[in-house]
Amino acid sequence: MNTIISTKDFMVRYGEKVILSHINIEVLAGQFLAVLGENGAGKTSFIKTLTGQNKQTEGTLTVATNHIGYVPQFRDISRDYPLSISEFVGLNFNHGSRLWFTKEEKQLITQALKRMDLNHMSDQRLGLASGGQKQRAFVAQALVKNPDLLILDESTASLDHEHKVQLLENVRTLQQATNMTVLFITHEIKLVTDFADGYLSFENGKVQQGDATQLQTLTMDMTSRHKEDEVRHV
Ligand SMILES: Nc1ncnc2c1ncn2[C@@H]1O[C@H](COP(=O)(O)OP(=O)(O)OP(=O)(O)O)[C@@H](O)[C@H]1O
């Protein structure tokens with residue numbers, strides 16, 4: 001398998017403030033990795049270096065693709081938002097003043113909508129869709145250019161359990177069918193354990209990498225620690 005992201009003694013900082021250091025990781029193409037860590041642990045800062053938004057780094061970072069899809073944290077879309085779901089998904093083509101889609105773009109939009117189970121409602125206004133459908137539309141928008149690497153930032157956070165699982169199943173099916181790499185930033189470790197091939201864990205300015213078995217162990221440790229805390233608080 002090919003490597004899509006690798007780092008060697010990599011460091012991320014803002015000015016004098018070091019956020020992450022001594023990062024040595026290797027992500028294989030086609031893997032689905034959970035990206036874990038407390039608020040402020042540096043997950044977003046690292047993702048910004050992958051997408052070229054933060055260049056304050058030292059050491060080596062190699063990203064073997066320019067085709068990166070990024071779905072930021074959920075922003076709600078108000079009811080009066082005028083675009084249909086397919087028009088919203090097509091915004092990623094960055095047309096400027098051109099108002100129509102080419103035949104090829106239309107095919108890519110249809111494909112992305114199908115992959116997120118939204119094809120049946122492509123002409124419906126996005127503002128009137130449910131929270132789960134809006135979130136799947138954000139993912140479809142990132143998919144429309146067929147990225148090699150898809151980064152999802154807490155994409156299940158605002159959803160009920162059924163819609164969380166549905167979104168993860170959609171992404172997992174696509175990742176397995178297309179060999180796309182997925183980095184899934186989440187605080188919901190138990191949920192993601194069933195879907196991920198491994199993890200990157202951000203803690204105390206360092207990044208630990210583990211495989212699926214280590215992820216299961218981590219989840220069990222966290223669950224038992226959580227139970228102990230609950231008992232202590234009774
Ligand atoms: N532009 C910036 N300039 C200076 N410091 C920053 C900047 N952006 C983030 N930080 C700091 O970097 C640290 C890591 O933040 P980051 O947003 O990467 O964490 P995170 O793990 O993504 O957190 P969350 O889960 O809350 O999104 C924090 O201490 C934050 O205050």
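The structure is a predicted model. In this model the shell around the ligand draws on strand E2 (17–23) and helix H1 (43–50), the elements that each give two or more residues to it, and positive phi values are found at His 22 and at Asn 179, neither of which is a glycine.

**Ligand shell**

- The residues that surround the ligand are Tyr 14, Lys 17, Ile 19, Gly 37, Asn 39, Gly 40, Ala 41, Gly 42, Lys 43, Thr 44, Ser 45 and Phe 202.
- Strand E2 (17–23) and helix H1 (43–50) are the elements that supply two or more residues to this shell, and H1 gives the most, with three residues.
- Sorted by class, the shell comprises six polar, four nonpolar and two charged residues.

- His 22, which is found in strand E2, has a positive phi of about 50 degrees although it is not a glycine.
- His 22 counts as partly exposed because it has 13 C-beta neighbours inside 10 Å, whereas a residue would be exposed with 12 or fewer and buried with 20 or more.

- Asn 179, another residue that is not a glycine, has a positive phi of about 65 degrees, and Asn 179 lies in the loop that runs between helix H5 (161–178) and strand E8 (181–185).
- Because 14 other C-beta atoms lie within 10 Å, Asn 179 is classed as partly exposed.

Technical notes: Residues are numbered from 1 along each chain as its sequence is written. This is a predicted model: local features need pLDDT of at least 70, side-chain atom pairs count only at pLDDT 80 or more; totals for chains, interfaces and linings use all residues. A residue is near a molecule or strand if its C-beta atom, placed from the backbone, lies within 6 Å of it. Helices (H or I, at least four residues) and strands (E, at least two) are DSSP runs, numbered from the N terminus. Ala, Val, Leu, Ile, Met, Phe, Trp, Tyr, Cys and Pro count as nonpolar, Asp, Glu, Lys and Arg as charged, and the others, Gly among them, as polar.
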